[in-house]
There are 2 protein chains.
Amino acid sequence: MNVQTNARSGGRAARRAARAAALPDNLRPVRPGLEGGQYKPLSDADVARIHDAALTALETIGLADAPPSGVEILTGAGAVQGEDGRIRFPRAVVEDALAKANRAVVLHSRDARHDLDLSGTRVHYGTAGAAVHLVEVDGQHYRDSTVQDLHDAARIVDQLDNVHFCQRPMVCRDIPDNLEMDYNSVYACVSGTTKHIGTSFTDPAFVAPTIEMLHEIAGGEAAWRERPFVSNTNCFVVPPMKFATESCLVMEECIRHGMPVLLLSAGMAGATAPSTIAGAITQAVAECLGGLVYVNAIAPGHPAVFGTWPFGLDLRTGAMTGGSGEQALLSAGCAQMHAFYDLPGGAAAGIADSKLPDMQAGWETMCSNVMAGLSGLNMVYEAAGMHASLLGFCHESLILGDDVIGQALRCVRGIEVNDETLALDQIAAVCMGGPGHYLGTEQTLGRMQSDHCYPTYGNRMSPKEWVEMEKPDLLATATARKEAILSQRPAAALDPRIDRVIRDRFNIHLTV
Amino acid sequence: MNVQTNARSGGRAARRAARAAALPDNLRPVRPGLEGGQYKPLSDADVARIHDAALTALETIGLADAPPSGVEILTGAGAVQGEDGRIRFPRAVVEDALAKANRAVVLHSRDARHDLDLSGTRVHYGTAGAAVHLVEVDGQHYRDSTVQDLHDAARIVDQLDNVHFCQRPMVCRDIPDNLEMDYNSVYACVSGTTKHIGTSFTDPAFVAPTIEMLHEIAGGEAAWRERPFVSNTNCFVVPPMKFATESCLVMEECIRHGMPVLLLSAGMAGATAPSTIAGAITQAVAECLGGLVYVNAIAPGHPAVFGTWPFGLDLRTGAMTGGSGEQALLSAGCAQMHAFYDLPGGAAAGIADSKLPDMQAGWETMCSNVMAGLSGLNMVYEAAGMHASLLGFCHESLILGDDVIGQALRCVRGIEVNDETLALDQIAAVCMGGPGHYLGTEQTLGRMQSDHCYPTYGNRMSPKEWVEMEKPDLLATATARKEAILSQRPAAALDPRIDRVIRDRFNIHLTV
């Protein structure tokens, strides 16, 4: 029992001193890979029913439109092509794939500090998507997104503690050639951040040249295969229950080149998936299990993320909506299915339907992000920056997302219960003969940094202070931070020698 | 298996028709009293440890500063006053109170449609607090709150589907006399909404006159006692572990007059409660158990809400903060303790530290509101309108809170899993010989209204529509709604005859 009986000023000085000391990583209040799962939207019986329904769907409905190579691969694994051309999956075939699947997936990064361990219910947040607009906060304006916008986003991600990976969130609409767009997207991300990158390819033929670039950056093919730091976001299905023929070929090619794949099923509940949450999850699970068979038939244990990404729809208008409670439930329910299979999984959260970083964007972004984390989703995609139901990406929102995700992660970390935190001794000491408050106790000071996640941009001033400080504006604060990051030399920039080699061989659109 | 194969326009017409039909209450997508509890921040062992620590605290530390009447009541129930004056509670005394406590509390309303059934993990959201400022969105200005502001807040609450009760959120700073302030606060709320009202009293002597007013409104004492529609928010402790002497006398008086009480323990984690989440919950539980003994010793089974309201503190500055992840965990952990005791319970959520309804306010408000709901908190207090860590109340934020809470309630409602929602038949019909999409299916149309919670103020337009509509501003939309509500005759206005009687006997500050 140690109770400091310092006068307040002494306590304050001690707090200042404690604050000045930087924390080692394992004592930071939040960090990538905290374990979720305290929130279970589905009962065990519900989970079993969804699993069973997904197996039935694969067995009786199956998936259409596999490419010839896919037909060969899947039937070779025991699936059966019907006269209607659909590939159906006997239960044993799915169970076989589940047995072979990689459950210890690590998504690597150029800087190993940022590697993502997707085992258990470890939670990571990052960007993703294919927004076609950049949202300019100044002037409240939507314009076509460019390769420079994408690179800037990657540079910002690189500097945010709580954004753990950089899947390409925007399309480079200033690059009309698809091959150039694909490898420039990768270049823009890789040269902006050392965190794990996700990207997609519009054509199977575009994989090989990009891989050549990645070998160059990695220091050769062996080094790349040892630690592939870019994964392929692969929309291998066109829901409902159809393979995306071209994307399957991209997937085959990526697997050949040792690139991890995200098996992404992006149904829209009410349009390309059933309108019910349970039905949309069932269909997505069925589709991803089909993908899992595909991947493991090509290369058993190839790193794959189980990407059930059902999206919500506003049924009144038929337009997509990503900021709803239904969306949060869709993604949280999926996370519970991933945990049931003990597979690395991902889904979308953090999407705002709002066009701008306003109060609506705040509540939409937090709702699904915190629920995804609490449900133990390994990869929370689209977690920051996304507006207008995925059509717009905003750098300021990405930055503010660092606060949102930090807070969500604090919730995932949860409540620590042990003798020290129960604090009975402390309560006794403070109340009986002690100072009658906890401000100066050793325990309060000792946990000031490690237990509490403080916002970087969020404002906690009193109204009085706030007026004295001339009412600081949240978005102006975010813009200032953006300008500060982008005015520095990118910390993640490629070695100049390698960069020259790449620029000699590829038509890189970013200027040096 | 019924799949409509309408062309798109046919589907749209059908959707329009379905939309036009009003839903009966039991088919509304969200409603008061949905059952939470899917989120459990504490393990069963954690819950047992907190319970045990709270009992130990009551047994060994006890509570100081009971008024003489309280000492008599509590020692009469088996508690023991030590030489240090503290009242200590043997375990059996607490267990006795737990056995006697009312577990079927209904908080009544002037209009029985708004009664709140606090059994199980039923969730209700409402206002609360003692803000001293009204936040004016126009001009981004904080000014002293008035009785008119309070009345306006009640009138707005009355019109919002997802704000289920109206505990007084603001102090009438334009009424210097405390007695007049207390009964005018009640009058301002009761004449603004027929939903359940919560209020507090600054002095035990102020209870009787207010009760006289309530008898008048109820139609006599018997009618009041049958359905008391106002409860007493009672800060019966000054944490740590001290009774608030005057408030205890208020509580005794309220119990005598048949008014339900909210046993409110509002410790600040790091100042008046331990800085750890587990410690702050333990102390709050101990204090409220002490209160439970007190209430049930006076009147066994008197309706009481177990009000563990620990607040967060920014330990860097020592200032209160209510918008953090730590706050969300504090309240969710408390909800789990209420469920353990199977007692009606309440805590605070939805508080913004932000000074204005900006993106920060959005993420802060959603985080704790959705977690409180998912944890099954019966009464979520301070759920809408609160800014600046409780110092400011904003009418526009209250209105936008209706969307926030609606979405949180949709999450609480959760995922329904049954043969219909699993939708296997529908998937088969759509994929094999069907239209290949779910837009027109009977199931999609049938559930368009009952399954989906649509925002009233949140904007889901595409960027194109949004530009065409001249970029509607969220706050302007909320202000327009406020003006529309306040320009109507209050639906909850008192009977003019009763109002005249009250105005004859009391100095009512609101003008007719």
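1. By class, 22 nonpolar, 14 polar and 13 charged residues make up the lining of the largest pocket. Here Ala, Val, Leu, Ile, Met, Phe, Trp, Tyr, Cys and Pro count as nonpolar, Asp, Glu, Lys and Arg as charged, and the others, Gly among them, as polar.

2. This is a predicted model, in which local features need pLDDT of at least 70, side-chain atom pairs count only at pLDDT 80 or more, and totals for chains, interfaces and linings use all residues. Residues are numbered from 1 along each chain as its sequence is written, chains are lettered from A and ligands numbered from 1 in the order in which they are written, and side-chain values use heavy atoms, without hydrogens and water.

3. The volume of the largest pocket is about 1,000 Å³. A pocket is an open set of points on a 1 Å grid over the protein atoms alone, where a 1.4 Å probe fits, with protein on both sides within 12 Å along at least five of seven lines; lining residues have an atom within 4 Å of a point. The volume is the space filled by probe spheres set on the points.

4. Of the 49 lining residues, Pro357(A), Asp358(A), Met359(A), Asp473(B) and Leu474(B) are the closest to the pocket centre. H18(A) gives the most to this lining, with four residues. Helices (H or I, at least four residues) are DSSP runs, numbered from the N terminus.

5. The axes of H7(B) (residues 207-218) and H19(B) (residues 496-505) come within 9 Å and cross at roughly 165 degrees. Axes are lines fitted to C-alpha atoms, for helices over the stretch in contact, and angles run from 0 to 180 degrees between N-to-C directions. H7(B) is therefore roughly antiparallel to H19(B) (angles over 145 degrees). The residues of their contact (heavy atoms within 4.5 Å) divide into five nonpolar, no polar and three charged.

6. H12(B) and H13(B) (residues 395-413) pack at about 35 degrees, with axes 9 Å apart. Among the residues of H12(B) that meet H13(B) are Met366(B) and Val370(B). The contact has eight nonpolar, four polar and no charged residues.

7. H13(B) also packs with H18(B), at an angle of about 100 degrees and with the axes 9 Å apart. The two helices are therefore roughly perpendicular to each other (65 to 115 degrees). Leu474(B) is one of the H18(B) residues in this contact, and Leu474(B) is also among the residues closest to the pocket centre.

Key. Parallel < 35°, antiparallel > 145°, perpendicular 65-115°, else oblique.
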